Amino acid sequence: MGGGGSTRRVTFEADENENITVVKGVRLSDSVIDRMKEPSSPSGRQHRSSSAVNDEELKKRIAEELALERARRDSEAQKRRLKQEQAYVRDEFGKILDRERISSNEHLTRAILRERAATEEERQKAQRFAKQLEEKDRELKKHDAYYKEQLARLEERA
């Protein structure tokens with residue numbers, strides 16, 4: 001990332017104290033400028049006669065620094081995008097969980113209502129059966145009384 005050969009043209013020049021001045025095209029950080037000011041050879045500062053070599057080397061160093069800066073910015077942008085995507089996924093999972101929770105609560109509520117209705121139906125059935133049982137019991141008592149009365153009459157006649 002960032003090292004893809006930029007076509008942007010950068011012009012720069014050195015002032016009388018051999019300080020680097022960017023004329024147009026790029027903003028450089030202080031650390032980049034400090035690194036560009038450092039002599040590249042251990043023999044100290046080079047003379048103006050080798051300025052073409054220095055210019056090429058300086059251009060190369062600037063290009064490297066720009067590529068590093070671009071790669072750092074791209075990496076930071078990727079990290080921000082990743083964090084945003086993670087937050088989005090977290091939010092979506094939260095929404096899905098909420099919908100599932102609501103759905104299961106509705107399902108549970110429906111199941112509870114069905115169970116209550118079934119329980120009420122069973123209760124009413126039990127009441128009907130209890131009434132029918134009482135009615136049969138009364139009939140049996142009537143029959144029992146009738147047969148006892150008939151038996152008593154038969155015994156009187158005999």
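**Figure 1. Overall order of elements in the protein.** Read from the N terminus, the elements of the protein follow the order β-β-α-α, which corresponds to two helices and two strands. The structure shown is a predicted model, and the chain comprises 158 residues, of which 8% count as buried. The accessible surface amounts to about 14,000 Å², with 52% of that area belonging to carbon and sulfur atoms. When contacts between residues at least 6 apart in sequence are considered, 49% of them join residues at least 24 apart.

**Figure 2. Confidence of the prediction along the chain.** Averaged over the protein, pLDDT is 82, and 72% of the residues reach 70 or more. Confidence is highest in helix α2, with a mean of 93, whereas the lowest mean, 53, falls in strand β2 (residues 20–24). Over residues 42–49 pLDDT stays under 50, and for this stretch the model has 10 contacts beyond four places in sequence.

**Figure 3. The largest nonpolar core of the protein.** Five residues, namely Val 32, Met 36, Leu 58, Ile 62 and Leu 66, make up this core. Helix α1 (30–37) and helix α2 each supply at least two of the core residues, and the largest share, three residues, comes from α2.

Figure 4. Once neighbours within four places in sequence are left aside, Glu 65 is in contact with Val 32 and Arg 35. Of these two partners, Val 32 is also one of the residues of the largest nonpolar core.

**Figure 5. A nonpolar patch on the surface.** Tyr 88, Val 89, Phe 93 and Ile 96 form this patch, and together they have about 400 Å² of accessible area. Ile 96, one of its members, is found in helix α2, which covers residues 51–157. With a relative accessibility of 37%, Ile 96 counts as partly exposed, because that class lies between the limits of 20% for buried and 50% for exposed residues.

Notes: Residues numbered from 1 in each chain as written. Predicted model: local features only at pLDDT ≥ 70, side-chain atom pairs only at ≥ 80, totals over all residues. Heavy atoms only, no water. Patch = residues over 30% accessible without salt bridge, like charges linked within 9 Å, V, L, I, M, F, W, Y side chains within 5 Å. Areas by Shrake-Rupley, 256 points an atom, 1.4 Å probe, with all protein chains shown as cover. Salt bridge = Lys/Arg side-chain N within 4 Å of Asp/Glu carboxyl O. Helix = DSSP H or I, 4+ residues; strand = E, 2+ residues; numbered from the N terminus. Buried < 20%, exposed > 50% of the residue type's maximum accessible area, 1.4 Å probe, protein only. pLDDT = per-residue confidence, 0-100. Contact = heavy atoms within 4.5 Å. Core = buried A, V, L, I, M, F, W, Y, C linked by side-chain atoms within 4.5 Å.
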